[in-house]
Amino acid sequence: RLTEQGKVVGTISLGIDITERKAAEQELQRYRDQLEALVADRTSELTTKNQELEDFSYSVSHDLRAPLRAIVGFTNILNQRYRGTIDEEGKRYLSYVLAAGDRMGKLIDDLLHFIRLGRRMTMLQPVFLDKVFEELRDEMSGRMAEAEAHLELAAGLPAVLGEPTIVRQVFANLLDNAINYREQERPLRIQVTWKICGKQY
């Protein structure tokens with residue numbers, strides 16, 4: 001407003017065209033709505049797939065447990081009824097079958113546990129490697145003896161942060177590979193050692 005001697009003699013007005021800005025905001029909102037809808041669809045699809053996978057794992061575990069129970073059951077019957085007529089080598093083989101059956105049952109449990117991990121955040125916790133390898137040595141004693149394998153564990157194996165089922169399965173697979181791909185003409189010697197690398201927090 002322009003004044004002269006207290007009287008209004010004119011006005012000045014300024015205007016800004018915000019049509020393009022409004023159009024851009026509306027376009028941005030449209031993209032946001034599309035993205036939210038896409039995320040919702042993908043989340044729903046992932047939830048359905050996870051449920052299908054869990055249902056499948058329960059079905060498979062049930063199908064696996066039935067013959068496993070039969071194998072372990074009949075092996076126990078042989079071990080109990082005919083133990084007096086079986087030589088030491090036969091008894092040792094029966095113990096291998098029972099140990100393998102127990103291991104198979106644990107693997108089925110681990111499979112179900114692993115599937116459930118996909119539905120929630122994995123919580124890291126200390127995993128004591130000395131205990132892990134001692135259990136694996138007992139479970140794989142039959143295969144170790146058959147392969148003339150000797151497992152040597154370094155003293156003071158540390159605890160590591162991880163998901164226990166996954167850590168255990170990793171080392172079980174490594175031991176399996178060591179036995180499967182060994183040089184047949186000589187006894188197998190497996191050494192487990194450790195060292196600290198990098199910064200410690």
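User: Where do Arg21 and Glu25 lie?

Analyst: In this predicted model, both residues lie in helix α1, residues 19–81. They are four residues apart, about one turn of the helix.

User: What makes Arg21 and Glu25 a salt bridge?

Analyst: The cut-off is a side-chain nitrogen of Lys or Arg within 4 Å of a carboxyl oxygen of Asp or Glu. The closest N and O atoms of Arg21 and Glu25 are 3.9 Å apart. That is within 4 Å, so the pair counts as a salt bridge. Lys22 belongs to the picture too: Arg21, Lys22 and Glu25 are linked in a network of salt bridges. By this rule the count comes to eleven salt bridges.

User: Why is Arg21 called partly exposed?

Analyst: Partly exposed covers the range between buried, under 20%, and exposed, over 50%. Arg21 has a relative accessible area of 49%, so it is partly exposed. Glu25, with 40%, is partly exposed as well.

User: How do you know that Arg168 and Glu139 form a salt bridge?

Analyst: Their side chains meet at 2.4 Å, N to O. The limit is 4 Å, so the pair qualifies.

User: What does the pair of Arg168 and Glu139 tie together?

Analyst: Arg168 lies in helix α5 and Glu139 in helix α3, residues 129–139, so the pair ties together parts that are 29 residues apart in sequence. Both Arg168 and Glu139 are buried.

User: Why is Arg186 exposed, but Glu183 partly exposed?

Analyst: Arg186 has a relative accessible area of 53%, so it is exposed. Glu183 has 43%, so it is partly exposed. The side chains of these two meet in a salt bridge, 3.3 Å from N to O.

User: Which helix supplies the largest share of the lining of the largest pocket?

Analyst: That is α2, with six residues. The pocket holds about 210 Å³ of space. Its lining includes Arg92, Tyr93 and Glu139. By class, the lining has six nonpolar, one polar and five charged residues.

Terms used
Residues numbered from 1 in each chain as written. Predicted model: local features only at pLDDT ≥ 70, side-chain atom pairs only at ≥ 80, totals over all residues. Heavy atoms only, no water. 1 Å grid on protein atoms, 1.4 Å probe; cavity = no way out; pocket = protein on both sides within 12 Å on 5 of 7 lines; lining within 4 Å. Points joined across faces, edges and corners; volume = space filled by probe spheres on them. Helix = DSSP H or I, 4+ residues; strand = E, 2+ residues; numbered from the N terminus. Nonpolar A, V, L, I, M, F, W, Y, C, P; charged D, E, K, R; others polar. Buried < 20%, exposed > 50% of the residue type's maximum accessible area, 1.4 Å probe, protein only.
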